[in-house]
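Take a look at the protein shown here. The report then goes through its parts one by one.

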Amino acid sequence: MINIAEFTNRLKKIMDYHELSASLLAEKINVQRSSISHILSGRNKPSLDFILKITSTFKDVDIYWLLNGTGSFPKVKENMPSSTPSSATSNYQGGKKIQRIVAFYTDGTFDEYHK
């Protein structure tokens with residue numbers, strides 16, 4: 001069973017994190033502004049459709065965290081390796097020293113790591 005007060009607090013946390021007002025959130029997830037207002041005031045409970053719109057629009061929101069507070073927000077990226085591969089733990093690969101590592105992302109950005 002969902003604790004509505006805690007759900008409302010988590011929804012407000014999402015809004016604060018993404019710097020959204022209630023009306024901007026409603027627009028972003030394609031619901032009426034009154035739906036957000038009624039949920040935030042505790043008048044209405046969120047529907048499954050509402051919850052799915054939140055989690056599909058905001059990829060950093062874990063459904064379990066949103067519903068019952070388990071897990072974390074923002075959600076930890078699942079496609080990132082949890083540990084460094086054993087072949088990359090050394091500064092030397094085949095007698096060569098690693099100078100830098102560049103990670104390219106699908107949005108066109110990159111991160112560069114220097115030794």
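## The overall fold

This is a predicted model. The protein has 115 residues, and 22% of them are buried. Its secondary structure comes to five helices and four strands. Follow the sequence and the pattern reads α-α-α-α-α-β-β-β-β.

## Helices α1 and α4

Two packed helices are described by the angle between their axes and the distance between the axes. Start with helix α1, residues 4–17, and helix α4, residues 48–57. Their axes come within 12 Å. They cross at roughly 30°. Angles under 35 degrees count as roughly parallel, so α1 and α4 are roughly parallel to each other. The crossing in which α1 passes α4 is left-handed.

Which residues make the contact? On the α1 side they are Phe7, Leu11 and Ile14. On the α4 side they are Phe50, Ile51 and Ile54. Sort the residues of this contact by type and you get six nonpolar, no polar and no charged.

## Salt bridges inside helices

How many salt bridges does a search of the whole structure find? It finds three. One of them joins the side chains of Glu6 and Arg10, with an N to O distance of 3.9 Å. A salt bridge needs the nitrogen and the oxygen within 4 Å, so this pair at 3.9 Å qualifies. Both residues lie in helix α1. They are four residues apart, which is about one turn of the helix. Are the two partners buried or exposed? Glu6 has 41% relative accessibility, so it counts as partly exposed. Arg10 has a relative accessible area of 9%, so Arg10 is buried.

Asp49 and Lys53 form another salt bridge. Their closest N and O atoms are 3.6 Å apart. These residues sit four apart in helix α4, so about one helical turn separates them. Asp49 is partly exposed, with a relative accessible area of 47%. Lys53 is partly exposed too, at 23%.

## A salt bridge between strands

Now move to the strands. Glu112 forms a salt bridge with Arg100. The closest N and O atoms of this pair are 2.6 Å apart. Where do the partners lie? Glu112 is in strand β4, residues 110–114. Arg100 is in strand β3, residues 100–104.

## The loop between α5 and β1

Helix α5 covers residues 63–68, and strand β1 covers residues 92–93. Val76 is found in the loop between them. Is Val76 buried or exposed? Its relative accessible area is 62%, so Val76 is exposed. In sequence, Val76 and Asp62 are 14 residues apart. In space, their C-alpha atoms are 9.0 Å apart.

Pro74 lies in the loop between α5 and β1 as well. Look at the peptide bond from Phe73 to Pro74. This bond is cis, with omega near -5°.

## Positive phi in two loops

Which phi value does Glu19 have? Phi of Glu19 is near 55°, a positive value in a residue other than glycine. Glu19 is in the loop between α1 and α2, where α2 covers residues 22–29. With a relative accessible area of 71%, Glu19 is exposed.

Asn30 is another residue other than glycine with a positive phi, near 65°. Asn30 lies in the loop between α2 and α3, where α3 covers residues 33–41. Its relative accessible area is 61%, so Asn30 is exposed.

Notes
Residues numbered from 1 in each chain as written. Predicted model: local features only at pLDDT ≥ 70, side-chain atom pairs only at ≥ 80, totals over all residues. Heavy atoms only, no water. Axes fitted to C-alpha atoms, helices over the stretch in contact; angles between N-to-C directions. Parallel < 35°, antiparallel > 145°, perpendicular 65-115°, else oblique. Left-handed = near helix turned anticlockwise from the far one by under 90°. Contact = heavy atoms within 4.5 Å. Nonpolar A, V, L, I, M, F, W, Y, C, P; charged D, E, K, R; others polar. Buried < 20%, exposed > 50% of the residue type's maximum accessible area, 1.4 Å probe, protein only.
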